[in-house]
Amino acid sequence: MPAPSALAITTSSVQRLLKEEASYHKELSEQEKTVQGLEENLKAASADEDGNEAFMLKQQQTAIEQTKAVFGPLKQRIADAVAKLEDQLAAAEQGAAPEAEITQAKAVLAQAKAAA
């Protein structure tokens, strides 16, 4: 089996970064739901059973801040990978790259631009 081409590697890299971004968005959504539930419990119950709801709320809020901090550098990595993919796609279209790789790269590029 031949080694994957630079175009295939870059295409896979962009796909992985897009999946990673989607995963972080999902994680952020779940964390926000957890915080909302903890806030409601804290307001509803004057004394929680083990006394750690306020601590748990603070921990979850910290986790949300850390998750949000990931998005800036991740967006930059995606932009860099997309630029590299565009360059390699242009070179592949001029060369003799397999049509399947070019089609895959174009699809991933469209997906990345739609997500941006």
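How many residues does helix H3 have, and how far does helix H3 reach from its first C-alpha to its last? In this predicted model, local features need pLDDT of at least 70 and side-chain atom pairs count only at pLDDT 80 or more, whereas totals for chains, interfaces and linings use all residues. Residues are numbered from 1 along each chain as its sequence is written, and side-chain values use heavy atoms, with hydrogens and water left out.

Helix H3, formed by residues 99-115, has 17 residues and reaches 24 Å from its first C-alpha to its last, close to the 24 Å expected at 1.5 Å a residue; the expected span is 1.5 Å times one less than the number of residues of the helix. Helices are DSSP runs of H or I with at least four residues, strands are runs of E with at least two, and both are numbered from the N terminus. The buried residues of H3 are Ile102, Ala105, Val108, Leu109 and Ala112, and they cover an arc of only 130 degrees around the axis, which puts them on the same side of H3. Here buried means under 20% relative accessible area, exposed means over 50%, and partly exposed lies in between, with a 1.4 Å probe and protein chains only, while the arc is that of the directions from the helix axis to the C-beta atoms. An α-helix has 3.6 residues a turn, so residues three or four places apart point the same way. On the other side of H3, Glu99, Ala100 and Ala114 are exposed, and the cover over the buried residues of H3 includes H1 and helix H2 (53-94).

The chain as a whole has three helices and zero strands, its elements running α-α-α from the N terminus on. Buried residues make up 28% of the 116 residues. Of the contacts with a separation of 6 or more, 75% are accounted for by residues 24 or more positions apart, contact meaning heavy atoms within 4.5 Å.

Helix H1 has 39 residues and reaches 57 Å from its first C-alpha to its last, close to the 57 Å expected at 1.5 Å a residue. Its buried residues include Leu7, Val14, Glu21, Gln31 and Leu38, and the buried residues of H1 pack against H2 and H3. Gln31, which lies in H1 (residues 6-44), counts as buried at 11% relative accessibility. Residues up to four places away in sequence aside, Gln31 touches Gln60, Ala63, Ile64 and Thr67, and its side chain makes a polar contact (3.0 Å) with the side chain of Thr67. A polar contact is a pair of N or O atoms within 3.5 Å; within protein, one must be able to donate a hydrogen and the other to accept it, and residues adjacent in sequence count only if both atoms are side-chain atoms.

In helix H2, Ala81 is buried, with a relative accessible area of 10%, and is in contact with Thr10, Ser13, Val14 and Leu17, its neighbours within four places in sequence being left aside. The C-alpha atoms of Ala81 and Ala112 are separated by 9.8 Å, although these residues lie 31 residues apart along the chain. Asp80, also placed in helix H2, is partly exposed, with a relative accessible area of 46%.
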